[in-house]
Amino acid sequence: RVPAGPLPLLLALSLLSPWGSAGGSCPPRCVCASNLLSCSQANLSTVPAPLPRFTAVLDLSHNNVTRLRADWAPARLPHLHALLLSHNGLAFVSTEAFTHVPHLRHLDLSSNRLRTLDENLFSDLGELEVLLLYNNEISTVDRTAFENLGRLRKLYLGQNRIARFPLELLREGTRLPQLALLDLSANRLRAVPAGELQALPAWLRDRLYLHNNPLACDCLLFQLLDRGCRRHLSAVEDFQDELRCFPPGASSLTKILDLAGKQPLNCSRAREAVLEAHLGDTVTLGCDSRWQGVRSRHWVTPGGERVLGDGGNGSVVLLANGSLQLRALRPEDGGTYSCWVAGPLLNETLYVELLVHNFTLHGPHDTLNTAYTTLVGCILSVVLVLIYLYLTPCRCCCCRGAEKPPAPRDDSINSSVLSTTPNHAGGTGEPCGSHMASGAGTGQNGRFKGGGTPPL
């Protein structure tokens, strides 16, 4: 027999706890609370094993895990949604390292020593939403490293050694359709595709961070950032001092937003216009520059394509006066069009934002106008009111009979209370449903007498 005491109670609690023998044990040098497993600052060189299957958050930051192999999680962890591996000196991540954690939504690999992002490195993380890769040594990013990340919303690549702008990450409908934040600050970018970045949606341009890069000064870059500043985009407005570039032939940086009207580029601020149209319409986008003797002029579509002549089966035509004509508009034709003008003294850019409404202005089914439908509605309302007032049937069969004769007057004021109720059986025109059986069934004041015959 086990003596009564605290031992049975502790055994029962250990069996009910998720860290009991039924669910696994807490790894050494780790702190376990519910489904959270924290092994931070535990001087670990490998991932502790075995890991409980119900672990939801695993914190391995500030350790010495330099290599993340494919077998770090030999069993599937179906509930793990956050993995923290920052400050580990991590230099290698296997392409199969995330096979057993398919439901991961938050992955922190920041402040490590990663140099390359290999092919299909994160392709197993179809539910990933936040990926932190800042403060590494990344210089090479494979074009397929972020394949299959359809839910990724925030990507932090700042403080690395990236020299080429990964434009393929931003093109709509390709690799990252839901991307809302891209941090490329403090890298080694010398040029950015300003024309294509200008065509990006405003909600993405507002979270595109390019500060602290050794960019080459360019009027297109200036106009891109100047337009973002005028629209109060936080990625530009909050980092104005850190947005710098190298002017041609100079060895010192200057603020990009200070290039307006200064030599040697002498950039001018862009002008903007908004034009609305409907499906199937033909519109003309004007490019009226204030400069005389324009040397060259070209348009850039919202998709980043340069228009030099006829294109798109004749749907896009560059006119002789520099205007752009769009025929048979489609929904995908909407967006921001850019007209680049090279003048004798300054270069000028004009932006035209085209809004294409998803319906035709004069469609084939547009047969009833507003006035006609309003008139028909009023007439129908009047007819229904007349039917209700004059054609409603009577609810009883004798409602329109002879009127009820007045009750005889009595001289005594108490007679209406003490005397019996007058008998109206012989009268005509009683109200419907008020017939009572006469005889022994009635008593004083017309009340039913218990010993009588009940009324029919």
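**A walk through the predicted fold**

At 47% relative accessibility, Ala328 counts as partly exposed. Residues are numbered from 1 along each chain as its sequence is written, and side-chain values use heavy atoms, with hydrogens and water left out.

Stay with Ala328 for a moment. It sits in the loop between strand E22 (324-326) and strand E23 (335-342). Helices (H or I, at least four residues) and strands (E, at least two) are DSSP runs, numbered from the N terminus. Ala328 is not a glycine, yet its phi is positive, about 50°. Most residues other than glycine have a negative phi, and most peptide bonds are trans. Ala186 has a positive phi too, about 55°. Its place is the loop between strand E12 (181-183) and H2. Ala186 is partly exposed, at 25% relative accessible area. Pro50 brings in the peptide bond. The bond from Ala49 to Pro50 is cis, with omega near -5°. Pro50 belongs to the loop between strand E2 (36-38) and E3.

Now turn to helix H4. Of the 12 residues of H4, 10 are buried, so the helix is largely enclosed by the rest of the structure. Among the buried ones are Leu221, Phe222, Leu224 and Leu225. At the start of H4, a side-chain oxygen of Asp218 comes within 2.9 Å of the backbone nitrogen of Leu220. Just after H4, His232 takes a positive phi of about 60°.

The side chains of Arg230 and Asp226 meet at 3.3 Å, N to O. Both residues lie in H4, 4 residues apart, about one turn of the helix. Arg230 is partly exposed at 40% relative accessibility. Asp226 is buried at 6%.

What lies inside? The largest nonpolar core has 72 residues, and Trp72, Phe122, Leu133, Phe146 and Leu155 touch the most other members. Helix H2 (194-198) and H4 each supply at least two residues of this core. The largest share, 6 residues, comes from H4. A nonpolar core is a set of buried Ala, Val, Leu, Ile, Met, Phe, Trp, Tyr and Cys residues joined through side-chain atoms within 4.5 Å. In soluble globular proteins, nonpolar side chains tend to be buried together.

Back to the charges. The structure holds 5 salt bridges. Arg115 and Glu137 form one, at 3.2 Å, N to O. This pair links distant parts of the chain, 22 residues apart: Arg115 is in the loop between strand E7 (106-108) and strand E8 (116-117), and Glu137 is in the loop between strand E9 (130-132) and strand E10 (140-141). Arg115 is exposed, at 56% relative accessibility. Asp241 and Lys255 also form a salt bridge, with the closest N and O atoms 2.8 Å apart. Asp241 lies in the loop between helix H5 (234-237) and strand E15 (244-246), while Lys255 lies in strand E16 (residues 254-255), 14 residues apart. Asp241 is partly exposed at 43%, and so is Lys255 at 26%. Elsewhere, Arg330, Glu332 and Asp333 are linked in a network of salt bridges.

Last comes the surface. A nonpolar patch of about 1,300 Å² includes Leu375, Ile379, Val382 and Tyr390. Patches are made of residues with over 30% relative accessible area and no salt bridge; like charges are joined within 9 Å, and nonpolar side chains (Val, Leu, Ile, Met, Phe, Trp, Tyr) within 5 Å. Accessible areas come from the Shrake-Rupley method with a 1.4 Å probe, and for residues, only the protein chains shown count as cover. Tyr390 lies in helix H6 (residues 370-390). It is exposed, with a relative accessible area of 66%.

Methods
This is a predicted model: local features need pLDDT of at least 70, side-chain atom pairs count only at pLDDT 80 or more; totals for chains, interfaces and linings use all residues. A salt bridge is a side-chain nitrogen of Lys or Arg within 4 Å of a carboxyl oxygen of Asp or Glu. Buried means under 20% relative accessible area, exposed over 50%, partly exposed in between (1.4 Å probe, protein chains only). A polar contact is a pair of N or O atoms within 3.5 Å; within protein, one must be able to donate a hydrogen and the other to accept it, and residues adjacent in sequence count only if both atoms are side-chain atoms.
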